[in-house]
Amino acid sequence: MSKERLVSSTLMIVMTVLAVVNQWFFILLILFLTGGGLYEFFYMIKKKGIPIYSYVGIFIGLLIPLSIYTRFELTKNWELLFIVLAFLLILLLQFGRKDNSNAIVGISTTLFGVLYVSWFFSFLIKIRFLLPETPGAGVKLLAFILLVTKLGDIGALLVGSLFGKHPLLPRISPNKSVEGAVGSFVFSIAAALLGRSFLPDVPQFSTIHVALMGAFFGGLGQLGDLSESLIKRDCGVKDSGKLLPGIGGVLDVVDSLLFSAPTFYLYMSATLNTFYYVQNPVFSGY
C-alpha cells in the first residue's frame, strides 16, 4: 500500500467512525459524499459527449437524503413520487433545448445517476434510523453493514495484491482477481461474525445465518465495485476522481455500499417486522 493510499484510507476510517457516532457529522458526510459522487458520475458521462443535466441532477440528488433525514413526506410513497417529479422536471428542461439529439440517452442517464448514487446511498440514513424505539440499535446496524462491506474491500485489496494471479473479469476491471474476490468473501464473513453483537438479539441471527449474511452482503459489495468499474471503463477513465490520493474519487470509496446498503435495509426491515409481529400481532412495523 502506497503512503498516499494509507493516508487517504486512514482519513476515511476516521471520518466514518465520526459519522457513525455523531448524527450531525453523519448527515453532513452523507450530503458531501452524495454531491461529490454525483459530480464525478456526471463528469464521466460528459466525457462521452452525452447531453445531461448535471447541476439539476446534483440538486435533485441532494434533496433525496435531506428529505429522508428530515422525514419529509408529502405522501406515503413520497420517494416514488419524488422520482416521478424529477423525471418530469428533466423532461421539461429538455423541451427547452434546441438540440434534441440523444435526448432519451441524456434524460435516462441523468435520472440513472440520481438513482444510482443518491437514492441507493441514502439507504444508509434509513439504516441508522431503522429502530427508533431502541436507542443505539440503528447505529449498530449501520456499523455492521459498513464493517462487512468495507472489510470486504480491504480483503480484496490485500489478498489480491499478495496472491492475485487469475483475472476475475479483465474486460471490466483488469486489476481484480479471483483470489481477491475470495479474500473479500472471507473478510466479509469474518467481519459479520465479529460484528454479530451489533445485530438485534433475535433467534434468526444464528452463527451460520450471520456468516451467510456476511457472504451475501459482501458479495453485493463486490458487485457494486464491479458496476462502478464497468461505468469507468465505458467512460474511459481509471478513477472516478482525484479527491483521495492513492484511492481515487468519492465513487471509488462508496461504490461497494451502493448495492449492499439498500438490500441490507430491506432485508433487516422484513426480518425484524416478521419477528416483532410474531411477538406482538398488533405491531405496526418499522
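User: Which element gives the largest share of the lining of the largest cavity, and how many residues is that?

Analyst: In this predicted model, that's helix 4, with 4 residues. Helix 3 (54-69) and helix 4 are the elements that each give two or more residues to that lining.

User: Which residues line the largest cavity?

Analyst: Ile64, Ser67, Trp78, Glu79, Phe82, Ile83 and Trp119. By class that's 5 nonpolar, 1 polar and 1 charged.

User: How much space lies in the largest cavity?

Analyst: About 40 Å³. The count of cavities of 30 Å³ or more comes to 1.

User: Let's move to Arg97. Why is Arg97 called partly exposed?

Analyst: Its relative accessible area is 29%. Buried would need under 20% and exposed over 50%, so a value in between is called partly exposed. Arg97 sits in the loop between helix 4 (78-95) and helix 5 (103-121).

User: What does Arg97 touch, leaving out residues up to four places away in sequence?

Analyst: Pro51, Ile52 and Tyr53.

User: What makes the approach of the Arg97 side chain to the backbone oxygen of Ile52 a polar contact?

Analyst: The backbone oxygen of Ile52 lies 3.4 Å from a polar atom of that side chain.

Methods
Residues are numbered from 1 along each chain as its sequence is written. This is a predicted model: local features need pLDDT of at least 70, side-chain atom pairs count only at pLDDT 80 or more; totals for chains, interfaces and linings use all residues. Side-chain values use heavy atoms; hydrogens and water are left out. Buried means under 20% relative accessible area, exposed over 50%, partly exposed in between (1.4 Å probe, protein chains only). Contact means heavy atoms within 4.5 Å. A polar contact is a pair of N or O atoms within 3.5 Å; within protein, one must be able to donate a hydrogen and the other to accept it, and residues adjacent in sequence count only if both atoms are side-chain atoms. On a 1 Å grid over the protein atoms alone, a cavity is a set of points where a 1.4 Å probe fits but cannot get out, and a pocket is an open set with protein on both sides within 12 Å along at least five of seven lines; lining residues have an atom within 4 Å of a point. Grid points are joined across faces, edges and corners, and a volume is the space filled by probe spheres set on the points. Ala, Val, Leu, Ile, Met, Phe, Trp, Tyr, Cys and Pro count as nonpolar, Asp, Glu, Lys and Arg as charged, and the others, Gly among them, as polar.
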